[in-house]
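The chain itself is shown first.

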Amino acid sequence: MLDEKGVHIRLYSGSLNGLTAPVANYVPLIVADISLESGATTLLELPAAYNTFVYILEGAVTAGTNEQSLKKEQMGWLDLFDTAGQSTLKIAAKEGKARLVLYAGAPLKETIVVHGPFVADSADVIPGLYHRYRLGQLPHIATVPEAQRILL
């Protein structure tokens, strides 16, 4: 957790601004809960080639080089670049406190099929997942290794 200059970052997945979350992912993914005190600004270093969006939970912020205004229950998508370097996202609390979640991930560029609670790379896999679920063969989230648990 980062807590400085009116910026509070709780990182749930990936690496961001010197923090690294304990969760191990198959695909690189950043998930962060960010709170800003009134007037606070933060610069977030993100992989330029990641798909990234922010969702505002409380208050209002300006985001990006064009200082796009976003308020509660609005989402902002970041530009996606074809470079392997870093990009910097500037976020500032407009008036009062603000809170947002940030999601960023490497594009898979693979086919994705979603059906109910399951996500697969082929529709043919989905019936088998339902069958394994009904038989109790899918591990419960509570059985993940201790190192991958986030305790609040």
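With which residue does E37 form a salt bridge? The partner is K97, and the closest N and O atoms of the pair are 3.9 Å apart; a salt bridge here is a side-chain nitrogen of Lys or Arg within 4 Å of a carboxyl oxygen of Asp or Glu. E37 lies in the loop between β5 and β6 (41-47) and K97 in the loop between β11 and β12, so the pair ties together parts that are 60 residues apart in sequence. E37 is partly exposed at 31% relative accessibility, whereas K97, at 57%, counts as exposed; buried means under 20% relative accessible area, exposed over 50%, and partly exposed in between, with a 1.4 Å probe and protein chains only.

The model is a predicted one, in which local features need pLDDT of at least 70 and side-chain atom pairs count only at pLDDT 80 or more, while totals for chains, interfaces and linings use all residues. Residues are numbered from 1 along each chain as its sequence is written, and side-chain values use heavy atoms, with hydrogens and water left out.

**The chain as a whole**

The secondary structure comes to one helix and 14 strands, taken as DSSP runs numbered from the N terminus (helices H or I of at least four residues, strands E of at least two). The C-alpha atoms fill a box of roughly 55 × 35 × 30 Å along the principal axes, and of the 152 residues 31% count as buried. Among the contacts with a separation of 6 or more, 64% are between residues 24 or more positions apart, a contact being heavy atoms within 4.5 Å. The chain exposes about 9900 Å², of which carbon and sulfur atoms supply 54%; accessible areas come from the Shrake-Rupley method with a 1.4 Å probe, and for residues only the protein chains shown count as cover.

**Charges and salt bridges**

Side chains of opposite charge can pair when their charged atoms come close. The count of salt bridges comes to three, and they are set out below.

| Salt bridge | Closest N and O atoms |
|---|---|
| D33 and R99 | 2.5 Å |
| E37 and K97 | 3.9 Å |
| R99 and E58 | 4.0 Å |

D33, E58 and R99 are linked in a network of salt bridges. R99 forms a salt bridge with E58; R99 lies in strand β12 and E58 in strand β7 (residues 51-58), so this pair ties together parts that are 41 residues apart in sequence. R99 also forms a salt bridge with D33; D33 lies in strand β5 (residues 29-36) and R99 in strand β12 (residues 98-105), so this pair joins parts that are 66 residues apart in sequence.

**Loop residues**

N17, which is not a glycine, has a positive phi of about 50°. N17 is found in the loop between β3 (15-16) and β4 (19-20), and at 27% relative accessibility N17 counts as partly exposed. E67, likewise a residue other than glycine, has a positive phi near 50°; E67 lies in the loop between β8 (60-63) and β9 (68-71) and is partly exposed at 48% relative accessibility.

G85 is placed in the loop between β10 (75-77) and β11 (86-93) and, at 33% relative accessibility, is partly exposed. Not counting residues up to four places away in sequence, G85 touches L46, P47 and A48. The C-alpha atoms of G85 and A49 are separated by 7.6 Å, although the two are 36 residues apart along the chain.

**A nonpolar surface patch**

L108, I112, V114 and V119 form a nonpolar patch on the surface, with about 380 Å² of accessible area together. Patches are made of residues with over 30% relative accessible area and no salt bridge, with like charges joined within 9 Å and nonpolar side chains (Val, Leu, Ile, Met, Phe, Trp, Tyr) within 5 Å. V114 is found in strand β13 (residues 113-115) and counts as exposed at 56% relative accessibility.
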